[in-house]
Amino acid sequence: MRCNLYANDVSVGWADLISTDPPMGCASGPFYPNDNYRKIQPIIREVHLYDGTLGEANGEKRMDAQDKIDALRLSVVTEDGETLDPLSGVHIVDFSEELDEDPYQLDVLGLPFDIYDRLFPLAWQEYLDRVKGKEQD
């Protein structure tokens with residue numbers, strides 16, 4: 001499902017989201033930034049410096065970095081114009097300085113069940129089939 005990503009109502013790119021965790025209402029996919037993303041990229045990458053991913057974990061600095069991201073008011077809008085409002089937020093993973101291929105990912109975490117089921121109608125059945133298959137093993 002193609003969606004557009006906005007920071008303070010300015011388009012910063014798009015993503016092709018797939019269902020990743022139906023019970024948690026999570027969808028993820030590769031993120032394709034546009035030129036506007038470059039303006040917010042340092043803010044996005046700052047979290048990685050302090051969450052232990054790219055540097056030494058520092059809780060206080062990570063919270064400060066997250067506050068800066070929160071101020072961007074990231075929003076995801078489907079091609080049909082529906083703004084998604086995930087309970088646990090919108091997250092950009094940016095390893096563009098570390099990886100040559102697929103360095104960006106967009107995560108939408110905690111979509112309400114009814115919205116998730118409408119956007120990814122086959123996801124729940126596929127999930128239940130996998131769980132049922134594991135129980136039978």
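H48 lies in helix α1; helices here are DSSP runs of H or I with at least four residues, strands are DSSP runs of E with at least two, and both are numbered from the N terminus. Before going on, the basis: this is a predicted model, in which local features need pLDDT of at least 70 and side-chain atom pairs count only at pLDDT 80 or more, while totals for chains, interfaces and linings use all residues. Residues are numbered from 1 along each chain as its sequence is written, and side-chain values use heavy atoms, with hydrogens and water left out.

Back to H48. Its relative accessible area is 7%, so H48 counts as buried. The classes are as follows: buried is under 20% relative accessible area, exposed is over 50%, and partly exposed is in between, with a 1.4 Å probe and protein chains only. What does H48 contact, leaving aside its neighbours within four places in sequence? The list is T53, L54, G55, I92, V93, D94 and F95, where contact means heavy atoms within 4.5 Å.

Next, the core. A nonpolar core is a set of buried Ala, Val, Leu, Ile, Met, Phe, Trp, Tyr and Cys residues joined through side-chain atoms within 4.5 Å. The largest one has 30 residues, and those with the most contacts inside it are L5, L17, F31, L74, V76 and L106. Helix α1, residues 37–50, gives the most to this core, with four residues.

Take L106 from that list. Not counting residues up to four places away in sequence, L106 touches L5, A15, L17, A27, S28, G29, F31, V76, V90, H91 and I92.

That brings me to strand β8, residues 104–108. Is β8 enclosed or open? Four of its five residues are buried, so β8 is largely enclosed by the rest of the structure. Two strands pair if DSSP finds at least two bridges between them. On one side of the account, β7 (residues 90–94) pairs with β8 over five bridges, in the antiparallel sense. Within that pairing, Q105 of β8 stands opposite V93. Strand β4, residues 26–33, is also antiparallel to β8, and four bridges join the two. S28 has D107 as its bridge partner in β8, and P30 has Q105.

Strand β2, residues 10–16, runs antiparallel to β4, with three bridges between them. A27 in β4 is the bridge partner of S19. The hairpin of β3 and β4 has four residues between the strands, and in it G25 takes a positive phi near 70 degrees.

Which residues other than glycine have a positive phi? Two to mention are R73, at about 50 degrees, and D102, near 50 degrees. R73 sits in the loop between α2 and β5, the latter being residues 75–78. D102 is found in the loop between β7 and β8. With 64% relative accessibility, D102 is classed as exposed.

Now K68, which has its place in helix α2, residues 59–71. K68 is partly exposed, at a relative accessible area of 39%. Beyond residues up to four places away in sequence, K68 touches I43 and E46. The side chains of K68 and E46 are joined by a polar contact of 3.1 Å. The criterion for a polar contact is a pair of N or O atoms within 3.5 Å; within protein, one must be able to donate a hydrogen and the other to accept it, and residues adjacent in sequence count only if both atoms are side-chain atoms. For a distance, K68 and L87 are 19 residues apart in sequence and 19 Å apart in space, C-alpha to C-alpha.
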